Amino acid sequence: MTLSTPQPANAPPPQTSASHGDLTVNNVEVVYHDIIQVLRGVSLTVRAGQVTSLLGTNGAGKTTTLRAISGLLKPENGKIREGTISFDGKTLSALNGTDVVKSGVVQVPEGRRVFKHLSVEENLRAGAILGRGNWHADLERIYTYFPKLPTLRHKQAGYTSGGEQQMIAIGRALMAHPKVLLLDEPSLGLAPLLVAEIFDNVRRINREEGLSVLVVEQNANIALRNSDYGYVMENGRIVMEGLSAQLASNPDVKEFYLGVTEGGARKSFKDVKSYKRRKRWM
Ligand SMILES: Nc1ncnc2c1ncn2[C@@H]1O[C@H](COP(=O)(O)OP(=O)(O)OP(=O)(O)O)[C@@H](O)[C@H]1O
């Protein structure tokens, strides 16, 4: 596995070409209902074998970016107007959701969306839609990552807790043998301890299986602690990127996303220094 060249936290997008197993989003513009432009030239790379985080406040366009990658814009009446998305040399932007899954890119949706009337184990088996591998062995593999799940295997998923539902949803996605996992706000509505447990599990799967992960989060703290590289999005644009450790120590990110203020009220990210510096390069 090759790690990307370290970038200063506020550097312009790297111009390096994609390597084997990378997922690249190149200058993508998305509109809903033909008129509402939400993404305005988004470029990012999910490096093979790495965890990449995409941060931003409400409405920045993070979920729309995931939908563009996973071929799920159409049901929302959205489309990619410009730009391309490719994975491992294959263009994803023209594919529907099923074909994106077949190519190895699988999204865990926001809000869990488990099949509430099915048991936990039936939910997991529903993820084996591609028929790859042996589902018995796959279930055992998932149970090792999420040791709570086997104790709940016959329970109706609708009666499990929010954290357990998040684990079921991730486990279900893993049954499809993804090469890239897309996670939409796994921390949403969960207690801090559970969030930490879920991120630990994701990190472990990433390390042990070499699975690439793109995680969308408003909780910058946990996302930066558990990722290799990060992007900050605002108003449909990437406004900052860098190694996660560098972003976490960047004063603007600290102030705006990590809640570390130096004696004053929070500002808009637009007002902070790096955003202005970054804008000069665009
Ligand atoms: N189906 C849709 N039709 C029209 N506009 C939409 C649709 N989905 C999202 N939008 C708009 O696109 C913008 C970006 O939304 P998106 O959900 O991608 O942002 P986000 O960064 O994921 O925010 P959040 O964390 O609140 O989900 C918002 O202004 C939203 O109202």
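How much of helix α5 is buried or exposed, and why is it described as largely enclosed? Hi everyone, let's start there. Eleven of the 13 residues of α5 are buried, so the rest of the structure largely encloses this helix. By buried I mean that 20 or more other C-beta atoms lie within 10 Å of a residue's own; exposed means 12 or fewer, partly exposed is in between, and the C-beta atoms are placed from the backbone.

Some ground rules before we go on. This is a predicted model, where local features need pLDDT of at least 70 and side-chain atom pairs count only at pLDDT 80 or more, while totals for chains, interfaces and linings use all residues. Residues are numbered from 1 along each chain as its sequence is written.

Now the overall picture. The chain has ten helices and ten strands. Those are DSSP runs, numbered from the N terminus: H or I with at least four residues for helices, E with at least two for strands. Of the chain's 282 residues, 44% count as buried. If we take contacts between residues at least 6 apart in sequence, 70% of them join residues at least 24 apart. A contact here means two C-beta atoms, placed from the backbone, within 7 Å.

Back to our helix. α5 covers residues 162–174, and at 1.5 Å a residue its 13 residues should span 18 Å; the end C-alpha atoms are 18 Å apart, which agrees. The expected span is 1.5 Å times one less than the number of residues. Among the buried residues of α5 are E164, M167, I168, I170, R172 and L174. And what covers them? The covering elements include strands β6 (105–108) and β7 (180–184), together with helices α3 (120–126), α4 (135–145) and α6 (192–209).

That brings us to the largest nonpolar core, which has 71 residues; V105, L181 and L182 touch the most other members. α5 supplies the largest share of this core, six residues. A nonpolar core is a set of buried Ala, Val, Leu, Ile, Met, Phe, Trp, Tyr and Cys residues joined through C-beta atoms within 7 Å. Take V105: not counting residues up to four places away in sequence, V105 touches L23, I69, S70, F87, L92, V100, P178, V180 and L182.

L54 sits in strand β3, residues 51–56, and is buried with 29 other C-beta atoms within 10 Å. Setting aside neighbours within four places in sequence, L54 contacts K62, T65, L214, V216, Y231 and M233. L54 and L183 are 129 residues apart in sequence, yet 10.0 Å apart in space, C-alpha to C-alpha. V202, in helix α6, is buried too, with 22 other C-beta atoms within 10 Å. Beyond four places in sequence, the contacts of V202 are V213 and N226.

Which strands stand at its edges? The sheet is open, with four strands in the order β2-β1-β4-β5 and antiparallel pairing. β2 and β5 (90–91) stand at the edges with a single partner strand each, so one side of each has no neighbour in the sheet. Strands count as paired if DSSP finds at least two bridges between them. β4, residues 78–87, pairs with β5 in the antiparallel sense over two bridges, and F87 has K90 in β5 as its bridge partner.

Now for the ligand. Of the 14 residues around it, Y32, K62, T63, T64 and E76 come nearest. Near means a C-beta atom, placed from the backbone, within 6 Å. Both β2 (36–46) and α1 (62–70) supply at least two residues of this shell, and α1 gives the most, with three. By class, the shell has four nonpolar, eight polar and two charged residues. Ala, Val, Leu, Ile, Met, Phe, Trp, Tyr, Cys and Pro count as nonpolar, Asp, Glu, Lys and Arg as charged, and the others, Gly among them, as polar.

N27 in strand β1, residues 23–32, has a phi near 55°, a positive value in a residue other than glycine. N27 counts as partly exposed, with 13 C-beta neighbours inside 10 Å. N77 is not a glycine either, and its phi is positive at about 60°. N77 lies in the loop between α1 and β4 and is exposed, with 11 other C-beta atoms within 10 Å.
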